[in-house]
Amino acid sequence: QVQLVESGGGLVQPGGSLRLSCAASGSIFSVNAMRWYRQAPGKQRDLVASITPGGGTNYADSVKGRFTISRDNAKNTVFLQMNSLKPEDTAVYYCNAQVQKITRTVIDYWGQGTQVTVSS
């Protein structure tokens, strides 16, 4: 069994910062791509940022220059540093990881989601 546990969400004023964390644990052989998605009420879940094991990154245009994704491969953990937050960043943020299990099966896992609210 593999679990992704997220932390770091909350309420912040516009222009503020938050740092999300997501740790994968369980029967893991290796973790490939790790991603952050977000879903606002009534909208689809959208990709925010992704990172490869080697550190290659991609970002949605709406967060480029404000958000930074990083990872600690030794701890199977991914982070999302969010700066200059805007009200439109308000959403539930989900961590996603492509995990190769000890059995060598590759499966996508999701975290439980963490609420980020940007409001004055």
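Predicted model: local features only at pLDDT ≥ 70, side-chain atom pairs only at ≥ 80, totals over all residues.
Residues are numbered from 1 along each chain as its sequence is written, and side-chain values use heavy atoms, with hydrogens and water left out.

**Strand β4 and its partners**

Strands here are DSSP runs (E, at least two residues), numbered from the N terminus. Strand β4 covers residues 28-39 and runs antiparallel to strand β9, residues 91-101, with nine bridges joining them. Two strands count as paired if DSSP finds at least two bridges between them. Strand β4 also pairs with strand β5 (residues 46-51) in the antiparallel sense, over five bridges. Here M34 stands opposite I51 in β5. Six residues lie between the strands in the hairpin of β4 and β5, and G42 takes a positive phi near 75° there.

**Rings and charges**

A search of the whole structure finds one aromatic pair. Its members are Y37 and W110, in a tilted arrangement with 4.9 Å centre to centre and 55° between the planes. The pair links distant parts of the chain, as Y37 is in strand β4 and W110 in strand β10 (residues 106-110), 73 residues apart. For such a pair, ring centres of Phe, Tyr or Trp (its six-membered ring) lie within 6.5 Å; planes under 30 degrees apart count as stacked, over 60 as edge-to-face and the rest as tilted.

| Charged residue | Ring | Distance to ring centre |
|---|---|---|
| R19 | F79 | 4.1 Å |
| R104 | F29 | 3.7 Å |

**Buried or partly exposed?**

Buried means under 20% relative accessible area, exposed over 50%, and partly exposed in between (1.4 Å probe, protein chains only). Y37 counts as buried because its relative accessibility is 17%, whereas W110, at 39%, counts as partly exposed.

T77, found in strand β8 (residues 77-82), is buried because its relative accessibility is 9%. Leaving aside neighbours within four places in sequence, T77 is in contact (heavy atoms within 4.5 Å) with C22, A23, M34, S70, R71 and D72.

How values were computed
Helix = DSSP H or I, 4+ residues; strand = E, 2+ residues; numbered from the N terminus. Lys NZ or Arg CZ within 6 Å of the ring centre and 35° of its normal.
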